[in-house]
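Here is a short briefing on a predicted model.

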Amino acid sequence: MINLRRTFLRQLSAAAAVPLAILGLGADHVRAATRQAGGQPRKRVLRSSRLAPPIGPFSQGIRTGNTVYVAGLTGIDVNTGKIVTGGIVPETRQALENIKALLAEAGGTLDDAVSSVVHMTDLSEFQQMNQVYAEYFPTAPPGRTTVQVSAIPAGARVEITVVAVVA
Amino acid sequence: MTDDAHMELGDPTLATRASTTGQASVGQKTVLKTPDAAAPIGPYSQGIKVGNLIFVAGEKGVDVRTGKVVSGGIGAETRQTLENVKAILEQGGATLDDAVAATVHMTDLGEFESMNEVFAEYFRKDPPGRTTVQVTALPGGARVEITVIAVASV
């Protein structure tokens, strides 16, 4: 019975979509389609002057709806444009500061992170990375995947990619 | 058990059977399948659409006609890879402009700039957030594998 009702609801929503599809083919409608309810753009590029510019053809982060996809960020210091010196601890700290600055552009904080991927060049530095990481995610830390890779652009030791859901 | 009951459980045999029609829905997921991109080389889907989110599998520079990674190095491979991503996104009603996140796995970061040149051709405006790392090997002997998440308009 539940399945029947579900099927009915699916058909109902499919039927409702048909007239919208017929109407929604003009350029204005295409433009409208790139916006979500409430007038927010479907895909908004996030930029922070507190971060070094991207080192390739990518954005620092994208917001779509309440979800923020942050680019993989490394411990680049915006003042020098280079990876901070001092090893895994300062690099992890700087990478997370960069992520924090980017999330702030979307009105979010690190507390909003739901998923994270940590790429490291040396997993023997795992515990040191964790110590800094824990400082930045004191409560309800995101789910996380950590792997060792053979190299990271610009000679970084760590690159962290975060997905967040902001209010 | 009805088919719907199988769908509730995410029965993989149902997904496989239905996917021969091009798109199959299992629960909230729609499996994207296109002959214009390389067939999966393992038990995974080319792409999954849920709501207006599309998760494209890690694509490589496999030419759908030969089933092999194209020759010619990183430029040619990156181009073919992004053509495959594009075909899968189109199957889900999206384009590369809809990409919000990308992960680039490479076997040699010495080729970073060459990859970037082709990547920039395909993502001219508002490119996705991106993560790039070097790994020790990729399936099929590929030099690059790119994973994209996109948000379609419908």
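Which residue in S9(A) is the bridge partner of His119(A)? The partner is Glu159(A). This is a predicted model, in which local features need pLDDT of at least 70, side-chain atom pairs count only at pLDDT 80 or more, and totals for chains, interfaces and linings use all residues; side-chain values use heavy atoms, with hydrogens and water left out. Residues are numbered from 1 along each chain as its sequence is written, while chains are lettered from A and ligands numbered from 1 in the order in which they are written.

**Strand pairing in chain A**
- Helices (H or I, at least four residues) and strands (E, at least two) are DSSP runs, numbered from the N terminus.
- Strands pair if DSSP finds at least two bridges between them.
- S7(A) and S9(A) run antiparallel, joined by seven bridges.
- S7(A) also runs parallel to S8(A), with six bridges.
- Val117(A) stands opposite Thr145(A) of S8(A).

**Helix H4 of chain A**
- Its buried residues (under 20% relative accessible area, 1.4 Å probe, protein chains only) are Met129(A), Asn130(A), Val132(A), Tyr133(A) and Tyr136(A).
- Their cover includes helix H3 (88-105), S7 and S8 of chain A.

- Ala140(A) has a positive phi, near 40 degrees.
- Ala140(A) sits in the loop between helix H4 (126-136) and strand S8 (143-148) of chain A.
- Ala140(A) counts as exposed (over 50%), because its relative accessibility is 67%.
- Asp126(B) also is not a glycine, and its phi is positive at about 45 degrees.
- Asp126(B) lies in the loop between helix H4 (112-122) and S9 of chain B.
- At 26% relative accessible area, Asp126(B) is partly exposed, a class that lies between the buried and exposed limits.

**The cavity**
- On a 1 Å grid over the protein atoms alone, a cavity is a set of points where a 1.4 Å probe fits but cannot get out.
- Grid points are joined across faces, edges and corners, and a volume is the space filled by probe spheres set on the points.
- The structure holds one cavity of 30 Å³ or more.
- The largest cavity has about 210 Å³ of space.
- Lining residues have an atom within 4 Å of a point; of the 17 here, the closest to the centre are Ile55(A), Phe58(A), Gly72(A), Thr74(A) and Ile76(A).
- Strand S4 (73-74) of chain A and S9 of chain B each supply at least two lining residues.
- The lining has ten nonpolar, five polar and two charged residues.
- Ala, Val, Leu, Ile, Met, Phe, Trp, Tyr, Cys and Pro count as nonpolar, Asp, Glu, Lys and Arg as charged, and the others, Gly among them, as polar.

**The second largest pocket**
- A pocket is an open set with protein on both sides within 12 Å along at least five of seven lines.
- The second largest pocket has a volume of about 410 Å³.
- Of its 22 lining residues, Val117(A), Thr161(A), Val163(A), Thr103(B) and Ile149(B) are the closest to its centre.
- Elements that give two or more residues to this lining include strand S7 (113-120) and strand S9 (158-165) of chain A, and strand S8 (99-106) and strand S10 (144-151) of chain B.
- Eleven lining residues are nonpolar, ten polar and one charged.

**Chain B overall**
- Chain B has four helices and ten strands.
- Their order from the N terminus is α-α-β-β-β-β-β-β-β-α-β-α-β-β.
- Of its 154 residues, 51% count as buried.

How values were computed
Contact means heavy atoms within 4.5 Å.
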